[in-house]
Amino acid sequence: MSALIEVRDLERRYSRRDVHALRGVSFDVEPGQRFGIVGESGSGKSTLVRLLAGLDQPTSGSIRFRGQRVDGVPERKLKFLRSELQIVFQDPMGSLDPRMRVRDIICEPLGRVDRERVAELLDAVGLPADAGDRYPHQFSGGQRQRISIARALAPRPSVLVADEPVSALDVSVRAQILDLLADLVDRFELTMVFVSHDLGVVRHVCDTVAVMRQGEIVELGAVEQVYDQPAHEYTRELIAAAPSLRAALAKLTEGA
Ligand code: ADP
Ligand code: MG
């Protein structure tokens, strides 16, 4: 049995700027897993996401989805991936066309408007039924991220990739969006690849975490294992530098 997503020895150099964004990145994502990727800004997380989605090509290495090669495959042959793997980006405003009605935005991945599906999706993400008639600017940041999530779910993907999905949002709505993502992953039996610079956020929604530093995975394992007994010095530094996580962990220890 092969994994759902198999990443092997991935390298990505940006020759124009002489940046080595990914080096020797390998991991498997199993069906139903909530796979977190955590690392500081510039560690290569978004580069990895673009490669997983076939939006960019590695310098070397391979990516397989259900055993099928994703890297080096021309756009017209990636239809299978477009319906199976969908991405939610950090900035809902930047990724939603302001001139399009929410209904049309949500149906974009389908290539046609399906009002019944829009109604189901609006309900699933907790938006009012009449939201489809409106435009993105008529919603709050959190609601706009709900619209992005509805769009991502439209083609009934098996994998949801979220790249810093709450980083641009007000702190007060972050937990709501994270809980929504977790609920949807459960309900639709999705596999999730979840990317964040914030360890606390990853701990909240993931069961497995890969820690990235300067384009490399320095540690990978079950969330409790990595957070409670970090094996790598860099993971320990990241944990020490995360004030919210430190406070949360202190509370946990107090209670114990
Ligand atoms: P992260 O998402 O973890 O913040 P990125 O994958 O965006 O990291 O970036 C990793 C490194 O690659 C950074 O040094 C960044 O400046 C560089 N980089 C990202 N995209 C490009 C690009 N299109 N061209 C050149 N360099 C890039
Ligand atoms: Mg990024």
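Q: Hi! What should I know about the model before we start?
A: It is predicted, so local features need pLDDT of at least 70 and side-chain atom pairs count only at pLDDT 80 or more, while totals for chains, interfaces and linings use all residues. Residues are numbered from 1 along each chain as its sequence is written, chains are lettered from A and ligands numbered from 1 in the order in which they are written, and side-chain values use heavy atoms, with hydrogens and water left out.

Q: Thanks! What order do the strands take in the open sheet of 4 strands?
A: The order is 2-1-4-5, with antiparallel pairing. Strands here are DSSP runs of E with at least two residues, helices are runs of H or I with at least four, and both are numbered from the N terminus. Two strands pair if DSSP finds at least two bridges between them.

Q: And which strands stand at the edges?
A: Strand 2 (19-29) and strand 5 (68-69) do; each has a single partner strand, so one side of each is left without a neighbour in the sheet.

Q: How many bridges join strand 1 to strand 2?
A: There are 7, and the two strands run antiparallel. Arginine 12 has leucine 22 in strand 2 as its bridge partner, and valine 7 stands opposite phenylalanine 27. Strand 1 and strand 2 form a hairpin with 4 residues between them. In the turn, aspartate 18 has a positive phi of about 55°.

Q: Switching topic: what about the open sheet of 6 strands?
A: That sheet has the order 6-7-8-3-9-10, with mixed pairing. Its edges are strand 6 (85-88) and strand 10 (216-222). The twist averages 15° from one strand to the next. Strand 3 (residues 34-39) and strand 8 (residues 191-196) run parallel, joined by 5 bridges.

Q: Where does helix 6 lie?
A: Helix 6 lies across strand 6 and strand 7 (159-163), at about 175° to strand 6. Glutamine 145 has its place in helix 6 and counts as buried at 0% relative accessibility. A polar atom of its side chain lies 3.4 Å from the backbone oxygen of glutamine 90.

Q: Last one: which residues have the most contacts inside the largest nonpolar core?
A: They are Ile106, Ile147, Ile149 and Phe194, in a core of 51 residues. Helix 7 (residues 171-187) gives the largest share, 8 residues. A second, separate core of 29 residues includes Leu4, Ile5, Phe65 and Val161. A nonpolar core is a set of buried Ala, Val, Leu, Ile, Met, Phe, Trp, Tyr and Cys residues joined through side-chain atoms within 4.5 Å.

How values were computed
Buried < 20%, exposed > 50% of the residue type's maximum accessible area, 1.4 Å probe, protein only. Polar contact = N/O pair within 3.5 Å; in protein donor to acceptor, adjacent residues only side chain to side chain. Axes fitted to C-alpha atoms, helices over the stretch in contact; angles between N-to-C directions. Contact = heavy atoms within 4.5 Å.
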